[in-house]
Amino acid sequence: MLRRRLAGLLARNRHLVRQLQKEGALRARAEQRVAELEQGRRPVTASNSSLPPSANPIGARPPVVKRPTGRRPGGQIGHVGKSRVPLPPERVNVVVEHRPGACRDCQASIPADAPGVAVVGRRQVAELPPVAVVVTEHRALACRCGRCGSLSRGRIPPEVATSVIGPRLSAAIGLLGASMKGSKRAIATMMREVLGCPIALGSVSAREAELSAALAGPYQTLVACAARSTVKYVDETGWKLRGKRRWLFVSADREQVVFRVDPARTRGGFKALLGGGRPRGVFCTDRAGIYDMLKLTDRQLCWAHLKRDLVAATERGGAGEAAATRMLSVCHQMFELWHRFKRKEVRRASLAAGIEPLRLRLRDALADGAACGQRRTAGLCRALLTREAALWRFARTPGLEPTNNLAERMLRPAVIWRKKSFGSSSRTGCRYVERMLSVTETLRLRGHAPLAYLAGAVAAYRRGEATPAIGPRLDVMRTKLRKVA
């Protein structure tokens with residue numbers, strides 16, 4: 001009898017233990033769900049998401065908080081002053097001389113044609129002329145031969161007859177749309193009211209189409225150069241084609257920038273960005289799945305993206321907060337070490353040595369976070385554990401940075417263009433966006449003036465010649481010239 005009662009008590013105890021475990025699991029899931037709902041109600045800011053700082057909600061803390069220095073705003077005592085440097089005489093269009101009308105001592109009048117002794121004051125004033133556009137009328141004349149009396153007709157050159165808009169003005173129209181982000185109606189208003197040259201909206205589109213055709217060759221050259229570069233920073237953002245979703249990819253390095261509009265955010269679109277071949281070199285990317293086709297040894301994950309995700313994980317709280325806090329501490333120490341390396345306070349060997357303990361600490365924190373039981377934080381940690389080798393590639397690769405900020409800076413003008421123009425209305429417009437953004441951003445990256453190059457490209461296209469290639473970086477050219485000298 002006693003044995004049966006003992007067996008019954010043991011069975012009941014096991015039942016209660018199982019029931020308690022079940023209730024504990026239900027409670028843990030409920031707490032996790034409540035934490036996720038509370039996180040959903042928290043404001044999404046630039047510090048815990050990919051939201052740009054310009055779209056931060058009112059009252060949100062800025063992503064970078066500068067500590068007050070206690071100094072007054074403006075120029076500080078002892079700083080190197082800057083002033084307007086007068087233009088050289090060859091850059092001055094008009095010179096107006098102001099002569100004294102009478103002698104300062106005897107008050108005798110001074111003739112207007114009296115020779116000047118010295119220049120005692122200069123003031124250069126820049127002004128926009130009433131009509132800034134020069135209109136040239138080309139006339140084809142018929143002349144009679146003095147020998148046989150027949151008439152011969154002159155011909156207007158083909159490059160002149162191509163368009164009523166000159167190459168430099170055509171380049172300015174394209175630059176106003178692509179670089180200054182003006183709409184076609186705004187460009188027409190600028191041409192009419194500021195430059196004194198009325199133009200139809202259709203002419204603006206025609207000039208953009210011509211400029212796109214002129215830049216086809218340089219764009220393909222940039223694609224080939226980008227595919228061969230050793231280190232590349234790749235990113236993507238949304239675009240529109242007749243209101244439908246498209247993706248704008250970018251590949252940037254220290255020499256060139258390449259854009260491409262693709263129908264989908266796929267691995268095929270990523271490969272097409274660099275000419276369609278097998279990706280070569282080292283890539284700095286975010287953690288999007290399309291980049292998993294790259295080898296971990298050829299990939300660097302962006303720490304700026306990771307930092308925002310870790311901030312969001314700490315704000316979620318719960319079981320994963322401790323691990324996320326440890327990972328965020330590693331992130332801060334890594335950036336501090338990297339900035340010291342950029343300031344040349346430590347060498348690359350010291351950078352690699354300082355990275356090693358951080359790598360071990362991060363791996364331990366990732367393992368704890370993967371087992372924390374909080375769905376989103378655990379998923380982030382598991383994803384990072386499988387890609388852990390791609391977090392530290394920058395420590396041993398010259399020219400590679402731990403963030404993808406270069407690609408994001410290149411995408412910023414494209415995002416503003418998309419928001420103001422709502423994307424493209426045709427595939428031809430998408431090609432124009434690719435070529436204009438690629439060429440203008442590459443020109444700025446290399447230190448060249450976009451307007452002069454675009455004008456030369458249009459002029460060469462109208463003559464039926466090949467568009468000239470974009471020159472190398474000006475700082476590299478100056479270094480080579482100094483070495484030769």
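Helices (H or I, at least four residues) and strands (E, at least two) are taken as DSSP runs, numbered from the N terminus. The model is predicted, so local features need pLDDT of at least 70 and side-chain atom pairs count only at pLDDT 80 or more, while totals for chains, interfaces and linings use all residues. Residues are numbered from 1 along each chain as its sequence is written, and side-chain values use heavy atoms, with hydrogens and water left out.

Most residues other than glycine have a negative phi, and most peptide bonds are trans. R242 is found in the loop between β3 and β4 (244-252). Phi of R242 is near 55°, a positive value in a residue other than glycine. R242 is exposed, with a relative accessible area of 56%. Here buried means under 20% relative accessible area, exposed means over 50%, and partly exposed lies in between (1.4 Å probe, protein chains only). F422 sits in the loop between α12 (405-421) and α13. F422 is not a glycine, yet its phi is positive, at about 60°. With a relative accessibility of 66%, F422 counts as exposed.

L241 belongs to strand β3 (residues 231-241). L241 is buried, at a relative accessible area of 3%. Contact means heavy atoms within 4.5 Å. With neighbours within four places in sequence left aside, L241 is in contact with R246, S424, S425, S426, R427 and C430. Between L241 and I416 there are 175 residues in sequence and 16 Å in space, C-alpha to C-alpha.

Axes are lines fitted to C-alpha atoms, for helices over the stretch in contact, and angles run from 0 to 180 degrees between N-to-C directions. Angles under 35 degrees count as roughly parallel, over 145 as roughly antiparallel, 65 to 115 as roughly perpendicular and the rest as oblique. For residue classes, Ala, Val, Leu, Ile, Met, Phe, Trp, Tyr, Cys and Pro count as nonpolar, Asp, Glu, Lys and Arg as charged, and the others, Gly among them, as polar.

Helix α4 (residues 184-193) packs with α5 at an angle of about 105°, and the axes are 9 Å apart. The angle makes α4 roughly perpendicular to α5. From α4, the contact takes K184, R185, I187 and A188; from α5, it takes L201, V204, S205 and E208. The contact of α4 with α5 has 4 nonpolar, 1 polar and 3 charged residues.

The axes of helix α5 (residues 201-214) and helix α13 (residues 427-446) cross at roughly 60° and come within 9 Å. This angle makes α5 oblique to α13. The crossing of α5 past α13 is left-handed. A crossing is left-handed if the near helix is turned anticlockwise from the far one by less than a right angle, and right-handed if clockwise. E208, L211, S212 and A213 of α5 make the contact with R431, Y432, R435 and M436 of α13. By class, the residues of the contact of α5 with α13 are 4 nonpolar, 1 polar and 3 charged.

Helix α14 (residues 450-462) packs with α5 at an angle of about 85°, with the axes 9 Å apart. That makes α5 roughly perpendicular to α14. On the α5 side, R207, E210, L211, A213 and A214 take part; on the α14 side, they meet L454, A457, V458, Y461 and R462. The contact of α5 with α14 divides into 7 nonpolar, no polar and 3 charged residues.

Cysteines were searched for bonds. The whole structure holds 0 disulfides. A disulfide is a pair of cysteine sulfur atoms within 2.5 Å. The closest cysteine sulfur to that of C148 is in C145, 3.8 Å away, too far for a bond. C148 is exposed, with a relative accessible area of 58%. For C331, the closest cysteine sulfur is in C302, at 9.6 Å, also too far for a bond. C331 counts as buried, at 0% relative accessibility.

A further loop residue is H98. H98 lies in the loop between α1 (2-41) and β1 (142-144). At 74% relative accessibility, H98 counts as exposed. H98 and A112 are 14 residues apart along the chain, and their C-alpha atoms are separated by 9.7 Å.
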